[in-house]
Amino acid sequence: MPYKDLRDFLRRLESEGQLLRVKKEVFPEPDIGAAAYAAGQISNGPAIFFENIKGYDKKNVVMNVHGSWRHYALMLDLPMDTPVSQLFEELGRRWDRFPVSPVVVHTAPLKEVIIKKDINIFNELPVFRINQYDGGPYLSKAIVISKDPEDIKSQNLGIYRLQVKDKDRLGIQAAPQHDIAIHLGKAEELNQPLPVAIAIGNDPIITLVGGMPLQYDEDEYEMAGALSGEPTKIIQAETVDLMVPAGAEIILEGEIVPRKRAIEGPFGEYTGFYSATMRQAEVKIKAITRRKDPIIFENLYIGKPWSEHDYILGLITSVTIYKQLKAMAPEVVSVNAMYCHGLGTIISTKSRVAGYGKIVGAKLLATPHGLVYPKVIIIVDEDIDPFNLNEVMWALLTRFRADRDLVLIPNAPGSTLDPTGYPRGLVTRMIMDATTPVPPDIPLQDLSLVEPPEEAAEWMEQLKLMGK
Amino acid sequence: MLCPRCDKDEGIKFFEAPKDRSWELYRCQYCDFVWRSTEKDYIKNKDLYHPNFKMREDEMSKMMDKPMVPPLKKR
């Protein structure tokens with residue numbers, strides 16, 4: 001494993017010139033959110049480490065830890081300027097090592113301080129409002145761990161937004177498509193609380209797998225081991241029967257209160273819009289375990305793409321969908337689900353039969369992520385790189401016939417965060433099959449591609465030399 | 001204290017900065033809005049709070065549950 005914890009990764013970022021320390025005093029609002037947004041707008045922007053938060057002693061904040069492809073490459077221990085296409089391929093290769101079982105350890109720095117009385121999150125973490133009209137401070141990059149109440153071997157890790165409402169009370173977005181909503185539903189049917197552990201400040205691979213749309217019964221710790229190359233170290237939580245990442249900075253332990261919903265939000269989301277305020281579930285925190293001060297509070301700026309959110313989730317969502325689709329449709333070549341958390345997804349594939357692109361689009365809807373997210377789905381031939389939008393647009397404009405190749409699925413499930421939902425949570429899904437028609441479909445009028453001149457490659461080299 | 005978001009007189013001070021008491025945190029007991037004394041006036045002042053984000057009682061009662069609460073299972 002390249003990094004044992006967040007601190008280890010931050011050292012690497014700093015040694016590569018990708019971490020900036022802010023030593024001057026900053027206000028929780030608006031400074032941290034503003035600086036984190038700015039870092040995301042700079043090409044290869046650095047992680048920002050705030051050393052001096054007004055009102056706090058020995059509490060640090062770090063933002064933009066995953067916020068560039070350079071950081072992504074370093075997270076995988078690859079050369080810093082590895083192209084995105086190679087990151088995609090490397091993640092695919094590492095996926096094939098799944099599952100790698102975690103190892104249980106019995107001591108970890110996160111047990112240095114154990115708090116079971118007078119819980120006060122505000123004492124432990126310098127939480128802050130991220131975007132100006134968020135309903136309060138948020139934990140936006142925390143890993144929430146829970147178990148299926150009917151199958152205690154089935155544990156889930158996920159990144160769900162958490163609104164810090166009081167000293168020991170959080171709002172949680174457990175959207176119906178998330179695994180934790182299945183856990184919560186089963187607990188609530190029995191009127192039982194759902195125990196949760198919330199891990200903050202994790203090694204970067206743990207955060208990555210927390211955002212992966214794996215199958216319900218697939219274990220994120222086993223995936224983390226596959227992606228990092230070594231078993232993940234986990235440790236028993238203090239007051240709940242859950243295993244937590246041993247490298248974390250701080251763990252909040254508690255339970256989701258059964259059958260209660262309360263005002264949550266709004267919150268600036270990945271669509272670039274504030275989400276609506278809804279009545280969502282709440283977590284009661286009953287214990288905190290953490291490292292000794294100074295601890296590092298890692299959080300995420302989220303808003304109009306691109307932001308750190310898109311780096312963390314875009315590529316790993318693409319790889320996850322690719323692997324799941326490939327198992328159903330071996331002809332699939334590549335997947336780009338990087339736009340608005342996969343609301344737009346582009347798939348390249350060979351055609352097994354006429355009209356096959358439409359079937360590939362339908363298979364996408366059968367994946368865990370496909371349940372609500374992809375609504376603009378573009379299928380292209382294998383000669384098109386879905387990560388090259390110029391090529392995708394060319395395919396759409398020269399191969400797609402709206403009368404034959406467009407599939408609309410009205411009144412289909414959609415993300416409640418999608419502002420086009422009408423009503424919220426219901427959208428029209430669209431598959432645009434931009435693959436070249438194959439028999440017995442009607443062929444395109446022109447089939448002869450303009451090939452590049454044979455001498456072009458040689459000329460390219462010559463021109464490069466002339467330009468130096 | 002008046003909540004800048006829902007205008008109800010339900011705001012309470014519930015936390016002070018651990019260092020130098022350099023700010024206070026307030027929470028609305030009705031709508032759970034949280035704000036800090038060092039934030040900009042348009043966050044703290046109900047008359048300046050953005051109308052798109054104001055919280056009205058009649059709207060709150062109609063808000064969607066996410067996720068829906070399932071029926072209780074018969075034991």
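In the predicted model, strands E1(B) and E2(B) pair in the antiparallel sense, and five bridges join them. E2(B) covers residues 24–28 of chain B. Within this pairing, B:Gly11 has B:Cys28 in E2(B) as its bridge partner. The two strands belong to an open sheet of three, ordered E1-E2-E3 in chain B. Pairing in this sheet is antiparallel. E1(B), residues 11–16, and E3(B), residues 34–36, stand at the edges. Each has a single partner strand, so one side of each is left without a neighbour in the sheet. Neighbouring strands are turned by 30 degrees against each other on average, direction ignored.

Chain B also meets chain A. The contact involves 38 residues of chain A and 31 residues of chain B. H6(A) gives the largest share, five residues. By residue class, the chain A side divides into 16 nonpolar, ten polar and twelve charged.

Strand pairing also links the two chains. E16(A) pairs with E4(B), residues 65–66, in the parallel sense. Two bridges make up this pairing. A:Gln280 stands opposite B:Lys66 in E4(B).

Chain A itself is divided into two domains. Domain 1 spans 6–298 and domain 2 spans 329–434. Their C-alpha centres lie 30 Å apart. Domain 1 of chain A brings 13 residues to the contact, and domain 2 of chain A brings twelve residues. The domain 1 side of this contact divides into seven nonpolar residues, five polar and one charged.

A helix pair in chain A was examined next. The axes of H4(A), residues 84–95, and H9(A), residues 308–328, come within 10 Å. They cross at roughly 50 degrees. That angle makes H4(A) oblique to H9(A). The crossing of H4(A) past H9(A) is right-handed. H4(A) contributes A:Val84, A:Leu87, A:Phe88, A:Leu91, A:Gly92 and A:Trp95 to the contact. Across from these, H9(A) contributes A:Leu315, A:Ile316, A:Ser318, A:Val319, A:Tyr322 and A:Lys323. The residues of this helix contact divide into nine nonpolar, two polar and one charged.

Chain A also holds an open sheet of five strands. Their order is E18-E19-E20-E22-E21, and the pairing is mixed. E18(A), residues 332–339, and E21(A), residues 406–413, stand at the edges. Each of these has a single partner strand, so one side of each is left without a neighbour in the sheet. From one strand to the next, the twist averages 15 degrees. E19(A), residues 344–349, and E20(A), residues 376–381, pair in the parallel sense over six bridges. In that pairing, A:Gly344 stands opposite A:Val376 in E20(A).

Two helices pack on this sheet. H10(A), residues 356–365, touches E18, E19, E20, E21 and E22 of chain A. E22(A) covers 426–434. The direction of H10(A) makes about 145 degrees with that of E22(A). H11(A), residues 389–399, touches E19, E20 and E22 of chain A. The direction of H11(A) makes about 85 degrees with that of E20(A).

Most residues other than glycine have a negative phi, and most peptide bonds are trans. The peptide bond from A:Glu29 to A:Pro30 is cis, and its omega is near -5 degrees. A:Pro99 sits in the loop between H4 and strand E4 (103–104) of chain A. A:Asn191 has a positive phi, near 60 degrees, and is a residue other than glycine. A:Asn191 is found in the loop between H6 and strand E11 (194–200) of chain A.

Terms used
Residues numbered from 1 in each chain as written. Chains lettered and ligands numbered in written order. Predicted model: local features only at pLDDT ≥ 70, side-chain atom pairs only at ≥ 80, totals over all residues. Contact = placed C-beta atoms within 7 Å. Helix = DSSP H or I, 4+ residues; strand = E, 2+ residues; numbered from the N terminus. Nonpolar A, V, L, I, M, F, W, Y, C, P; charged D, E, K, R; others polar. Pairing = 2+ DSSP bridges. Domains from an automatic or database assignment. Axes fitted to C-alpha atoms, helices over the stretch in contact; angles between N-to-C directions. Parallel < 35°, antiparallel > 145°, perpendicular 65-115°, else oblique. Left-handed = near helix turned anticlockwise from the far one by under 90°.
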